[in-house]
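Good morning, and thank you for the time. Please look at the structure first.

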Amino acid sequence: ELELVLKNCGVDETSAEFLLRQAQSYANGEVLSLRTFFESIFPVPPLRKLSNAHGVAEAGGVEAWNQSRPDVKQLGQMLSSMCRATNVQEALAEVSALMSLEHNLWTYAYMRKLYDRSPDLYYATIAAKPSMLLPAVYTPTVGEACQKFGKMPLYSRGCYLRISDKGNFKEVLREYAEAELEKDDAGNFLCDCIVFSDGGRILGLGDLGAWGMGIPIGKLDL
């Protein structure tokens, strides 16, 4: 059943073989549902009720938010079909094709999807062509990206603190860290730098509120 699903979904042969081997190892002779198997490999991320933007938390999380908005859902599907790279050369080929349109908002959206799939591949791709890609993932493109941030698919990256969280900031940050950050052998969160913004003066565009998250993300990428 799994082999048929992977074939119908267009999964490449190498990835399909890997998943089939994982399934055989995990099942150990037992009959399991596909959902049980996939959740064992791709665990459902914890629902961040405190550290997501308020509307996203109310919707039930990032994925629920994306799926509840037809345009965002469609954009997410399009970006998933466009972002298929497994190495730097493939990523550069995909992103160069988008940049040939001479409007880098699509490039920005593609690179955010690439980060969500593989942060290591994202940074390796930027490091391979920094003069080409930094203007697409940060200034000047990030200004327009922030103006349209909520119209694009959202991802888990980014912690939101609300005025109503006063006195509870530590718990909000802890929830985000538990969900998104790795730990060292001593159990300490691996975090070298935090960028805060109140969203009030985004590149002279004014108060963009939660949509200003593109600036902290961009500064961390630099």
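Let me begin with a term: contact here means heavy atoms within 4.5 Å. A second convention concerns the elements, where helices (H or I, at least four residues) and strands (E, at least two) are DSSP runs, numbered from the N terminus. This is a predicted model, in which local features need pLDDT of at least 70 and side-chain atom pairs count only at pLDDT 80 or more, while totals for chains, interfaces and linings use all residues. Residues are numbered from 1 along each chain as its sequence is written, and side-chain values use heavy atoms, with hydrogens and water left out.

With that settled, consider helices H7 and H8. Ala91, Glu94, Val95, Leu98 and Met99 in H7 meet Trp106, Thr107, Tyr110, Met111 and Leu114 in H8. By class, this contact of H7 with H8 comprises 8 nonpolar, 1 polar and 1 charged residues; Ala, Val, Leu, Ile, Met, Phe, Trp, Tyr, Cys and Pro count as nonpolar, Asp, Glu, Lys and Arg as charged, and the others, Gly among them, as polar.

H7 covers residues 88-99 and H8 residues 105-117; they pack at an angle of about 155°, with their axes 9 Å apart. Axes are lines fitted to C-alpha atoms, for helices over the stretch in contact, and angles run from 0 to 180 degrees between N-to-C directions. H7 and H8 are therefore roughly antiparallel to each other, given that angles under 35 degrees count as roughly parallel, over 145 as roughly antiparallel, 65 to 115 as roughly perpendicular and the rest as oblique.

H7 also packs with H9, at an angle of about 70° and with axes 9 Å apart. That makes H7 roughly perpendicular to H9. Val88, Ala91 and Leu92 in H7 meet Leu121, Ala124, Thr125 and Ala128 in H9, a contact whose residues divide into 6 nonpolar, 1 polar and no charged.

Which residues of H8 are buried? They are Leu105, Thr107, Tyr108, Ala109, Tyr110, Met111, Arg112, Lys113 and Leu114. Buried means under 20% relative accessible area, exposed over 50%, and partly exposed in between, with a 1.4 Å probe and protein chains only. These buried residues of H8 pack against H6, H7, H9, H10, H11 and H13.

Threonine 107, in helix H8, counts as buried because its relative accessibility is 0%. Leaving aside neighbours within four places in sequence, threonine 107 is in contact with Val95, Leu98, Met99 and Ala136. Methionine 99, in helix H7, is buried with a relative accessible area of 16%. Not counting residues up to four places away in sequence, methionine 99 touches Asn104, Thr107, Met132, Leu133 and Ala136. The C-alpha atoms of methionine 99 and alanine 136 are separated by 8.9 Å, although the two residues are 37 residues apart along the chain.

Glutamate 102, in the loop between H7 and H8, has a positive phi of about 65° although it is not a glycine. Glutamate 102 is exposed, with a relative accessible area of 73%. In the loop between H10 and H11 lies proline 140, joined to threonine 139 by a cis peptide bond with omega of about 5°.

Finally, the whole chain: there are 13 helices and 0 strands, and buried residues make up 33% of its 222 residues.
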